[in-house]
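Here are my notes on this one, point by point. Have the structure open while you go through them.

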Amino acid sequence: MAISYKRVLLKLSGEALMGEDAFGINRATIIRMTEEIAEVAKQGVELAIVIGGGNIFRGIAPGAQGMDRATADYMGMLATVMNALALQDALKNHGVVARVQSALNIDQVVEPYIRPKALRYLEEKKVVIFAAGTGNPFFTTDTAAALRGAEMGVEIVLKATKVDGIYTADPKKDPNATRYSRITFDEAISKRLEVMDATAFALCRDQKLPINVFSINKPGALKRAVAGEDEGTLVHI
Ligand SMILES: Nc1ncnc2c1ncn2[C@@H]1O[C@H](COP(=O)(O)OP(=O)(O)O)[C@@H](O)[C@H]1O
Ligand SMILES: O=c1ccn([C@@H]2O[C@H](COP(=O)(O)OP(=O)(O)O)[C@@H](O)[C@H]2O)c(=O)[nH]1
């Protein structure tokens, strides 16, 4: 099968890593995801990954109620560091070398984000996992994906999430919603389709960086998205 993309940024939803569980990392889900990532990495595709933290943060969210927003956001960013370490470990078990770089300095645990070093890792065909989002509160890991994607000069952002694409309305609330196979950034932003936040959409639009939204639960979806095949929804200029 022909590979269309040489360098991609994969955004893995933290919440989707929960699988059927209420919170935390579902073992079967992370193993399956890791197998798919390993397959793509072994084809020589340069892979940068941004991982979310919703799965861990959700477990502690009741205790964070009424908490200062910025403090809660720092907790969320730390949750993404845990997911990044879990993913690095799982990839290692599948023979894939991965490096974690964090936007927040936690020197004893992970190396800090250094752009040229990350680029070098990619050239060496090591998977680079970006932890701690953008390092700033009031942002999301989707925005971190757009930012790191632009910095790494990737050809596309692949968003693996709970839904299998972008719908005319939130499919969890509206059973009549239909899926787009392609949509422009302007349309996605003006229709306020909330599958991704507006900051992330706007950053990708300005950098002319397409986004492919697909289901994390659909076997083979990542491979098809990397091959440039019709999978989920493609957001384009
Ligand atoms: N128009 C839409 N199309 C698809 N999903 C939507 C839409 N509007 C809202 N959603 C919701 O967005 C969610 C995915 O976004 P989000 O929770 O931010 O994902 P992630 O955890 O991957 O960052 C889905 O659970 C879906 O219910
Ligand atoms: O640049 C960032 C990225 C993430 N977060 C925090 O980390 C949490 C986890 O990230 P996200 O919700 O994007 O993860 P996902 O939805 O993919 O599980 C967010 O809710 C924010 O509180 C943040 O403050 N700044």
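1. One term before we start: a polar contact here is a pair of N or O atoms within 3.5 Å. Keep in mind, too, that this is a predicted model. With that in hand, look at Lys-172: one of its polar side-chain atoms sits 2.9 Å from an oxygen atom of ligand 1.

2. On its own, ligand 1 would expose 570 Å², and the protein buries 85% of that.

3. Ser-13, for orientation, is in the loop between strand 1 (7–12) and helix 1 (27–42).

4. Now ligand 2. Its shell also holds 17 residues, and the nearest are Gly-54, Asp-73, Thr-134, Asn-136 and Thr-141. Sorted by class, that shell has 3 nonpolar, 11 polar and 3 charged residues. Which helix gives the largest share of the shell around ligand 2? That would be helix 3 (residues 69–93), with 3 residues.

5. The contacts I'd click on for ligand 2 are backbone ones. Gly-54 has a backbone N or O atom 2.7 Å from an oxygen atom of ligand 2, while a polar backbone atom of Gly-14 is 3.0 Å from an oxygen atom of the ligand. For Phe-139, a backbone N or O atom lies 3.1 Å from a nitrogen atom of ligand 2. The protein covers 85% of the 520 Å² of accessible area that ligand 2 has by itself.

6. Where do the two ligands sit?

7. On to the record. An unreviewed UniProt entry annotates a "binding site" covering Gly-53, Asp-73, Thr-134, Gly-135, Asn-136, Pro-137, Phe-138, Phe-139, Thr-140 and Thr-141. Those residues span 89 positions in sequence, but no two of their C-alpha atoms are more than 14.1 Å apart, so they gather at one spot. From this set, Gly-53, Asp-73, Thr-134, Asn-136, Phe-139, Thr-140 and Thr-141 belong to the lining of the largest pocket. As for Phe-138, look in the loop between strand 5 (127–131) and helix 5 (141–152).

8. The unreviewed entry also has a "binding site" annotation on Lys-11, Leu-12, Ser-13, Gly-14, Gly-54, Arg-58, Thr-161, Tyr-167 and Asp-170. Even so, the lining of the largest pocket includes Lys-11, Ser-13, Gly-14, Gly-54, Arg-58, Thr-161, Tyr-167 and Asp-170.

9. Last, the domain call. UniProt (unreviewed entry) lists residues 6–214 as "domain: Aspartate/glutamate/uridylate kinase". In the model, that span is 42% helix and 18% strand, and its end C-alpha atoms lie 19 Å apart.

Definitions and conventions
Residues numbered from 1 in each chain as written. Chains lettered and ligands numbered in written order. Predicted model: local features only at pLDDT ≥ 70, side-chain atom pairs only at ≥ 80, totals over all residues. Heavy atoms only, no water. Polar contact = N/O pair within 3.5 Å; in protein donor to acceptor, adjacent residues only side chain to side chain. Areas by Shrake-Rupley, 256 points an atom, 1.4 Å probe, with all protein chains shown as cover. UniProt positions renumbered as here; feature names shortened; annotations may be inferred. 1 Å grid on protein atoms, 1.4 Å probe; cavity = no way out; pocket = protein on both sides within 12 Å on 5 of 7 lines; lining within 4 Å. Helix = DSSP H or I, 4+ residues; strand = E, 2+ residues; numbered from the N terminus. Near = heavy atom within 4 Å. Nonpolar A, V, L, I, M, F, W, Y, C, P; charged D, E, K, R; others polar.
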